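Student: Could you walk me through one part of this protein up close? I would like to see how two neighbouring pieces meet, and then what surrounds them elsewhere.

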Amino acid sequence: MTDTVPSPSVVSDESPSTDVRRIGPAFRTSHPLASGPVVQPSNTVDGFVETFLAELNYGQGTLLSQSTVNDQYLALARTVRRYLMADWLETGARRRQAQQKTVGYLSAEYLLGRQLGNNLLATNLQDIAEEAMHRCGIDIATLRAQEVEPGLGNGGLGRLAACFVDSLATMDVPTIGYGIRYEYGIFRQTFEEDRQVEVPDSWLSLGSPWEFPHPERQVLVSFGGRTETTTDAQGRERTRWLPDWQVLGMPYHYMVPGFRNGVVNTLRLWSARATQAFDLQIFNSGDYAQAVRAQTFAENISKVLYPEDSTPQGKELRLQQQYFFVACSLHDFIDNTLPADYDLRRLDERIIFQLNDTHPVIAIPELMRILVDRKGFAWDEAWEITRKCFAYTCHTLLPEALEVWPVELLGRLLPRHLEIIYRINEEFLEEVREAFPGDEMRVRRMSIIGEHPQRSVRMAYLATVAGAKVNGVAELHSQLLRDKVLPDFSQLWPEKFTNVTNGVTPRRFVRLANRRLSELLTDTLGEGWVTDLDRLRELEPYAEDASFRAEFRRVKQANKQRLHDLLRVRDGLELPHDTMLDVMVKRLHEYKRQTLKLLHIVSLYDDVVSGRVPVEQVTPRTFVFGAKAAPGYHMAKEIIFLINAVADVVNTDPAVAGRLSVAFPANYNVTLAEKLIPAADLSEQISLAGKEASGTGNMKFALNGALTIGTDDGANVEIRRLVGDDNFFLFGMTEPEVERLRPGYSPSMYYEENPHLRSTIDLLASGRFTDGDRQAVAPVIDNLLHEDAFMALADFQSYLDAQARVDAAYADEDGWSRAAILNVARSGFFSSDRSMRDYLERIWHA
């Protein structure tokens, strides 16, 4: 291992450490101050004030009297950080000494949410910090609001990863989360003339006090070039990669605290840097832009989450991102975490890399390359090691979401990896032929290399071949994964496939997000429910207690008021009071069927303005949407526009004032979710059956006392079974019914045969909501009438019938409260702690 960074010129792969290496020598000392216990600040208000003022003076370089809100927030964050650091360093030392098996969680997304509140909760410092700030004349709520949420995820996938690492720390499981430190992350959403506009999410602009950069642990990552094969002194063929260009990966460490257990794990996020960021000779020649070109080129890799990939350049950048972070992560663990003399034949005893969807699957050929090319293992021995070190979670049923990479692109960017994939595939297909002799059609179907429409590497297939286990994320999803998505593989290896239903952390999404409900639960059940969510079952008898139901309603009403106050300040939205809060928040995708929700709203509006239904008979409802559309997803953006256009009209029409209103606050994120979910009465989980893998929003709403209207899709199936049919509003086709209907499905037939549906669509199409401009709504209307791939029109009437049952149930205040309490009481299964226990038992064996 060398001490220096190579120049940005082409570097060969002859030595084991030229393509990816740690920068700087390992530092070891026996000095007691280096290895002894870390002194934690005093756990008192006075001690907290003293530490805060020291951070303000010596960290920010300012006096309290002259400090800005941002100075105060940064000082507060670093104060809380100091309380965590003793546990963090002690946890790391204990892990190194014990040499236990570690979970390496590889995820392209971590949707963390704000860190200040979560870390105060984990350290039990909320009251001390609040009183300390009060003594300093500071409102801690102002400092909480100053924090900018890191936009390092797009939706459920990233939030799930954040929940999982929270649970693993709370359960004291050795874990390193690996991902990318996106400079801008997911975009910040705004609306202009009702249309989504994406602007950069500059979450780092005011400082990031929760991260620790470690430039001395930088890793060098190679791209492009060619390979050459030679024969070594023992007569064995050896291949080396001669790359064209390289970048550095710099790790930033984030603390992941367990809940009040003294355990702090690590999240390691990688940022791309140029090997030589600045060329002084070119700069002095006057070409200033060219002088920093290498820096710009390298840093693009970690610039944004999911660069728009409708162009060849965008596709290439995505693949660069994926390889960059897994290469950094694997080499970090092998070179920097394992002892220098560790026997890699026992690698599976120290690590299991969990592939969170297909984004990190390129890690499989990377580990093979490390073992074969760098460490000198024979192919068969390396493959045996590799197959024990990975497990794969599939998060989708949509074919377009099962990632494939064109052979041409992968071979140009990662030539050695393509060679390795070809050999893996060749040997795998021989195994298939042995198991199913004479069945060449099966061989073609199962090949990792797809031939149509272009030669491509099917990453889900690679993950399935190499992974020790493959899991879905809800019972129905796992069944469909085995039966519909990967049927040939499940027939070959039935023992590989298992299910782990997703979960959410009760720390953030109940204890932190819903303080009033948490206090009610703790007063009733004791504190233990926070780490043992099955304790919520003890709440069931209280559903029959009139005084408890009344208190439960007061909690919900207070949460609604908190949301009203927030949206007034945040978005300039005035929500009416005393209405049902009907909420649909999730990534905007056609299969999630925000259009079906919109049709329901327009049908109610149409009923009133047409005179079919007196306005007094309409249940007062406030419909709240939250959703971002991918920048290149045209139809999703058209749906957002139409929702906003309908909101503009409904919210200003006196005919429905006080009865119907629609809110679509921009830039839905974890911070807003923490206020919105506890306030909701009705949770909309209305995807087409067989399309949603699991969902986790459905779990968060149920845990916070909202009732669900939904299809039998994803985790809805398990929610309904646990909370009971009487406390869930089921509608729509089942997955087998969807598949039977699909071949001859004609959406226009439903339009013609259902007068209510026809009137609703006609009103939308008339231009009523777009100032008479029919062309503005044509893309969505034409899609519904002539394609409707996710069968919103087929499920429309069933959905309206279910909404009528919602109205009737909501009119019975006590009955609704009883059902809401039972939703909370029976949703303990959906803790991410339980999910982690399932992974540990069924997959990781750690």
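Tutor: Happy to! Keep in mind that this is a predicted model. Let's begin with the side chains at one helix pair. From helix 12, Ile-364, Leu-367, Met-368, Leu-371 and Val-372 meet a set in helix 13 made up of Trp-379, Ala-382, Trp-383, Ile-385, Thr-386 and Cys-389. Sorted by type, the residues of this contact are 10 nonpolar, one polar and no charged.

Now for the geometry. Two packed helices are described by the angle between their axes and the distance between the axes. Here helix 12 covers residues 363-374 and helix 13 covers residues 379-389; their axes come within 9 Å and cross at roughly 140°. Angles over 145 degrees would count as roughly antiparallel, so helix 12 is oblique to helix 13. As for handedness, helix 12 passes helix 13 in a right-handed crossing.

For a view of another part, turn to helix 30, residues 755-765, where Leu-757, Thr-760, Ile-761, Leu-763 and Leu-764 are buried. Looking down the axis of helix 30, you would find these buried residues within an arc of 155°, so they line one face of the helix. Among the elements covering them are helix 23, helix 24, helix 29, helix 31 and helix 32.

Helix 23 (residues 594-609) is also the place of Asp-607. Asp-607 is buried, because its relative accessible area is 10%, and buried means under 20%. Leaving aside residues up to four places away in sequence, Asp-607 touches Arg-612, Val-613 and His-756.

Terms used: Residues are numbered from 1 along each chain as its sequence is written. This is a predicted model: local features need pLDDT of at least 70, side-chain atom pairs count only at pLDDT 80 or more; totals for chains, interfaces and linings use all residues. Side-chain values use heavy atoms; hydrogens and water are left out. Axes are lines fitted to C-alpha atoms, for helices over the stretch in contact, and angles run from 0 to 180 degrees between N-to-C directions. Helices (H or I, at least four residues) and strands (E, at least two) are DSSP runs, numbered from the N terminus. Angles under 35 degrees count as roughly parallel, over 145 as roughly antiparallel, 65 to 115 as roughly perpendicular and the rest as oblique. A crossing is left-handed if the near helix is turned anticlockwise from the far one by less than a right angle, and right-handed if clockwise. Contact means heavy atoms within 4.5 Å. Ala, Val, Leu, Ile, Met, Phe, Trp, Tyr, Cys and Pro count as nonpolar, Asp, Glu, Lys and Arg as charged, and the others, Gly among them, as polar. Buried means under 20% relative accessible area, exposed over 50%, partly exposed in between (1.4 Å probe, protein chains only). The arc is that of the directions from the helix axis to the C-beta atoms.
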